[in-house]
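This report goes through selected parts of one protein model. The structure is shown first, and the description follows.

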Amino acid sequence: MSSIDFFEQLKRSNNPASIYFLYGAESFLIERAKEQIIKKVLKEEELEFNVSQFDLEDTPVQVAVTDCETLPFFGDYRVVIMKNPIFLTANKDKTKVEHDPKTLEAYIASPNPQTILIVVAPYEKLDERKKLVKTFKKSATVLEAATMDERTLIQWIVQMAHKQHRQMKEAVAEQLIALTGKNLSLIHKEMEKLLLASHDEEEITEAHIETFVPRTMEDNIFALINEIANRNIGKAFFILKDLYIQKEEPIKILMLIARQVRIIYHVTGLTTKGYSQKQMAQMLKIPPFAVKLAMGQGKKFSVKELETILGFCAQYDYEIKSGKIDKFLAIELLLAQTAKTSK
């Protein structure tokens, strides 16, 4: 089950499942699922006595299964969490713990109706040949916490806005991803901020993103190059001044300018050869949305202009490191000369 479907089902269901199987490499989704399952079945005052957690790297699974048979303490349910079941993967178990997976198979066949079992397998791949893996996928409520592709991530963000009665265009969600990357924890944090900021409005817009979502240094470099491409030299120097206020080192700024221009250069070349965004992302080892942004910037430069800018970057890098020029002056000269090369 996808993460979107899982959380929607969890929200709508009146009765909890006896067994939840959470697997995949996206830790944010797994932690969020655990929290919401526990919140659904236990009151705050029941948490101390009715939640047990077993790390199967240290504890035999049969010990955890025995605990599943225990009755809740002054409540309707108790929660047992089993994490790190390495025996569900094809990986070699380097621990010295002796597991008896058959006890878990037997429990799944006849679970305690007053225990909510949450099994957390934080692995990208499971061994689908194993009987226990097949049993979990057949009998448990399953969350596949896989890393989201860009399209699914956009849908996830837009749906989060809709749940709070806000409209949000996909292009705006894409803009948020461009500033945060695919870090779900960070995206969730920024979305909570945006929802609060737009509490009396119907839509989360680009203006909200610009105002409330902080830019990383890489984002500022991207914006700086955008201004250069548009020949807004004054705005480019304004961004540079902000970077100085943030105490960013000129040599690091120079390095990131060169990196972004190099990405634009490669994306421009690969585009003319007919490569797709996905193929370029794999070849250049950057996210697909970064390719898309570079394609947009590439339209504002010719190949020769990009080569000239890279030449300036190499020249000033050498002159700074050899002590021939002040590092602050070098960056300012670079911006001035780069602005002259743009269309």
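## Helices α11 and α12

In this predicted model, helix α11 (residues 217–229) packs against helix α12 (residues 233–245) at an angle of about 160°, and their axes are 8 Å apart. Axes here are lines fitted to C-alpha atoms, for helices over the stretch in contact, and angles run from 0 to 180 degrees between N-to-C directions. That angle makes α11 roughly antiparallel to α12 (the word applies to angles over 145 degrees). The crossing of α11 past α12 is left-handed, meaning that the near helix is turned anticlockwise from the far one by less than a right angle.

On the α11 side, the contact (heavy atoms within 4.5 Å) is made by M217, N220, I221, A223, L224, E227 and I228. On the α12 side, K235, A236, I239, L240 and L243 take part. By class, the residues of this contact are nine nonpolar, one polar and two charged. Ala, Val, Leu, Ile, Met, Phe, Trp, Tyr, Cys and Pro count as nonpolar, Asp, Glu, Lys and Arg as charged, and the others, Gly among them, as polar.

## The sheet

Five strands form an open sheet with parallel pairing, in the order β2-β3-β4-β1-β5. Two strands pair if DSSP finds at least two bridges between them. The edge strands, β2 (51–55) and β5 (141–144), each pair on one side only. From one strand to the next, the twist averages 15°.

Strand β1 (residues 19–23) runs parallel to β5 and is joined to β5 by four bridges. F21 has V142 in β5 as its bridge partner.

## Helix α8 and Q175

Helix α8 (residues 170–180) contains Q175. Helices are DSSP runs of H or I with at least four residues, strands are runs of E with at least two, and both are numbered from the N terminus. Eight of the eleven residues of α8 are buried, and the helix is mostly covered. The buried residues are V172, A173, E174, Q175, L176, I177, L179 and T180.

Q175 counts as buried because its relative accessibility is 17%, and buried means under 20% relative accessible area (1.4 Å probe, protein chains only). Leaving aside neighbours within four places in sequence, Q175 is in contact with E206, I209 and E210. Just after α8, G181 takes a positive phi of about 75°.

## Basis of the values

Residues are numbered from 1 along each chain as its sequence is written, and side-chain values use heavy atoms, with hydrogens and water left out. Local features need pLDDT of at least 70 and side-chain atom pairs count only at pLDDT 80 or more, while totals for chains, interfaces and linings use all residues.

Terms used:
Angles under 35 degrees count as roughly parallel, over 145 as roughly antiparallel, 65 to 115 as roughly perpendicular and the rest as oblique. Buried means under 20% relative accessible area, exposed over 50%, partly exposed in between (1.4 Å probe, protein chains only).
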